[in-house]
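Here is a quick walk through the model, written for someone who likes to know the cut-offs behind each term. Have the viewer open and follow along.

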Amino acid sequence: MTEVPENVMETQDLIPYILSYTSRILTDEIVKNYSKKLEEYINNVSINADDHILNIIKNLEHPICPRCGKSMVLRTARKGSNKGSQFWGCSNFPSCRITKELV
Ligand SMILES: [Zn+2]
């Protein structure tokens, strides 16, 4: 068995490890400034958590093109009997014209 390095640990050992460092490196003012910046950032993020999760799920669900292996993207039919309906089209279009029905 290899020896575990000092900075690799189990989760429950993390807090005691952090607390073992007692010398101050950052001043109160620096910490305050960073807290303020973080808070401003959090308050200004325009996308909410639900939309963010939906986006992730949507991206995960992108099928892979069976012909060229590129990811497929949602497209909207511009003409024909399916005009206005969505389908998966290869992102490699027009080189690859593979499409897939949106389920
Ligand atoms: Zn393709």
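## Asn 44 and the helices

Asn 44 is found in helix α2, which covers residues 28-44. Helices here are DSSP runs of H or I with at least four residues, strands are runs of E with at least two, and both are numbered from the N terminus. With a relative accessible area of 60%, Asn 44 is exposed; that word means over 50%, while buried means under 20% and partly exposed is in between, using a 1.4 Å probe and protein chains only. Asn 44 and Ser 81 are 37 residues apart in sequence, and their C-alpha atoms are 44 Å apart in space.

Before going further, some ground rules: this is a predicted model, in which local features need pLDDT of at least 70 and side-chain atom pairs count only at pLDDT 80 or more, while totals for chains, interfaces and linings use all residues. Residues are numbered from 1 along each chain as its sequence is written, and side-chain values use heavy atoms, with hydrogens and water left out.

## Overall layout

The protein has three helices and three strands, and along the sequence they follow the pattern α-α-α-β-β-β. Its radius of gyration is 25 Å, well over the 13 Å that the globule rule gives for 103 residues, so the protein is more spread out than a compact globule. That radius is taken over C-alpha atoms, and the rule is 2.2 Å times the number of residues to the power 0.38. Along its principal axes, the C-alpha trace spans about 70 × 45 × 25 Å. Of the 103 residues, 8% count as buried.

The domain assignment gives domain 1 (28-59) and domain 2 (62-101); such bounds come from an automatic or database assignment. The centres of domain 1 and domain 2, taken over C-alpha atoms, are separated by 34 Å.

## From α3 into the sheet

Glu 61 sits in the loop between α3 (49-60) and β1. At 54% relative accessibility, Glu 61 counts as exposed. Its C-alpha atom is separated by 40 Å from that of Asn 33, 28 residues away along the chain.

His 62 lies in the loop between α3 and β1, and is partly exposed, with a relative accessible area of 23%. His 62 and Met 72 are ten residues apart in sequence, with 5.8 Å between their C-alpha atoms.

Two strands pair if DSSP finds at least two bridges between them. Five bridges join β1 to β2 (residues 86-90); among the partners, Met 72 is bridged to Cys 90 and Val 73 to Gly 89. β2 and β3 pair over three bridges, in the antiparallel sense, and the bridge partner of Trp 88 in β3 is Lys 100.

## The zinc site

Which residues hold the zinc ion? The zinc ion is coordinated by the SG atoms of Cys 65, Cys 68, Cys 90 and Cys 96, at 2.2 to 2.3 Å. The donor spacing along the chain is C-x2-C-x21-C-x5-C. Donors are N, O and S atoms within 2.8 Å of the metal (3.2 Å for Na, K and Ca); water is not among the atoms, so sites may look incomplete. The four donor atoms subtend angles of 96 to 122°, which makes the arrangement tetrahedral; for four donors, that label requires all angles to lie between 85 and 135 degrees. For reference, the ideal angle for four tetrahedral donors is 109.5 degrees.

## A cis proline

Pro 94 is placed in the loop between β2 and β3. A cis peptide bond joins Phe 93 and Pro 94, with omega at about 5°. Most peptide bonds are trans.

Methods: Tetrahedral: all angles 85-135°; square planar, octahedral: opposite > 155°, others 65-115°.
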